Amino acid sequence: MLNWSCQFNIFCFLDNNSYSFEDTSFECILAAGAANSVSLDEVNIFDRLKNFSDKNPGWLFGHFNYPTAKEHAFKEKDSIGFAEGFFFIPGIILLLKGNELTIESNNLDPHEIFIAVDEQPAFIKKKKPTNVDIKNRYSKNEYLSIIDSLRKHIQRGDCYEINFCQDFYSDNAIADPLFLYHELTSLSPNPFAAFYKLNDKYCMCASPERFLKRSGNKLISQPIKGTSKRDLINIDIDVANKNHLLNSTKEKSENVMIVDLVRNDMSRICTEGSVFVKELFGIYSFPQVHQMISTIEGEVVDDMHWCDIIEACFPMGSMTGAPKIKVMELITKYEIVPRGLFSGTIGYIKPNGDFDFNVVIRSLFYNETKKTISFKAGGGITFYSNAEDEYQESLVKASAIIKVLAES
């Protein structure tokens, strides 16, 4: 499927990497080709998207960038260049669940599509990137100084928690995005992985985090706050790291702040009294890290438009902090480059208005025209944060990507 998809200018591949979840809709889904699309580079992007969706009912796939204040002048420009938002009606959909492959297309024979896919190689050709020289936009001392400044904002009462990210990049890199995606998800398979192409721009995403899912009236958000490193060689150390996360007052305080923020966001569009925390401080283990994940659920009314639901909750609290508006101002003040698609979301909307969107983290970005590679990593900063520990945690989160680029 992936080898076949690369012929298209636009496609979106979503894969749960065999993680088992409640109400799993598929193991993987590929939307290829754009029968119609809308690019959202202006203000009122949700109004424009709602209008497009109402005029074009059916499947939609696409993304929202992390929102950037237009009046803020960053020191550097976003080197990848994804539109603020983009959604497309796929020409072809391939959905795999169990041993069944479903193929949908309005103007092509599904049997011919299957033959074309089946004729592709069953392996990903190894094509190592070249001219990769990873640089960090912050020196370690600059990063530590910013964390201290953010802690002073918290001490003054400006905010309770803020998500701060650092940016890594490489110019003049020659890369095969499909190979990089395969290597990344082989090393770090995660339940909300995405391989997304928009003309010359690629996102190779190995995300463990769900932003928001709608199934009928039920709305689910699963923010991640709290991380500890895995040790797959020494099981005792690995268990100790997991237990440290489970019992960490700092990590729990981070997590519960975001849970409260998500509850507040969802309460704006859910029926009164329906929002509740289904699981608090759940510990889940992934190949690189242990994560603390909480699950919040609520109910929306039948006729609520999916655009209104996402607009009320976006951007996700796990990638901002609390209170949301203030920390978004601080993020634009202290981060050197716009986040772009990082901290944004990729997902789909079904014809009936159900949807599922991830959080774009643990992701590698590539602009084929500019030959630029970019990736980011960060974490939630609270008053109790230790700057050195936060620095090391961000490197742990970026470790799979750094390893892929170093060893490919």
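**Salt bridges up close**

Author: Aspartate 265 and lysine 324 are both buried, where buried means under 20% relative accessible area, exposed means over 50% and partly exposed is in between (1.4 Å probe, protein chains only). Their side chains meet in a salt bridge at 2.7 Å, N to O; the term covers a side-chain nitrogen of Lys or Arg within 4 Å of a carboxyl oxygen of Asp or Glu. Aspartate 265 belongs to helix H7 (residues 249–267) and lysine 324 to helix H9 (residues 324–334), so this pair ties together parts 59 residues apart in sequence. Helices here are DSSP runs of H or I, at least four residues, numbered from the N terminus.

A quick word on the source: this is a predicted model, so local features need pLDDT of at least 70 and side-chain atom pairs count only at pLDDT 80 or more, while totals for chains, interfaces and linings use all residues. Residues are numbered from 1 along each chain as its sequence is written, and side-chain values use heavy atoms, leaving out hydrogens and water.

Now for helix H10 (residues 387–407): glutamate 393 and lysine 397 are four residues apart there, which puts about one helical turn between them. Their side chains form a salt bridge at 3.0 Å, N to O. Glutamate 393 is buried at 16% relative accessible area, and lysine 397 is buried too, at 15%.

Then there's aspartate 238, which bridges to arginine 230 at 2.8 Å, N to O. Aspartate 238 counts as buried at 5%, and arginine 230 is buried at 18%.

Beyond pairs, Arg137, Asp167 and Lys376 link up in a network of salt bridges. The structure holds 17 salt bridges.

Terms used: Helices (H or I, at least four residues) and strands (E, at least two) are DSSP runs, numbered from the N terminus.
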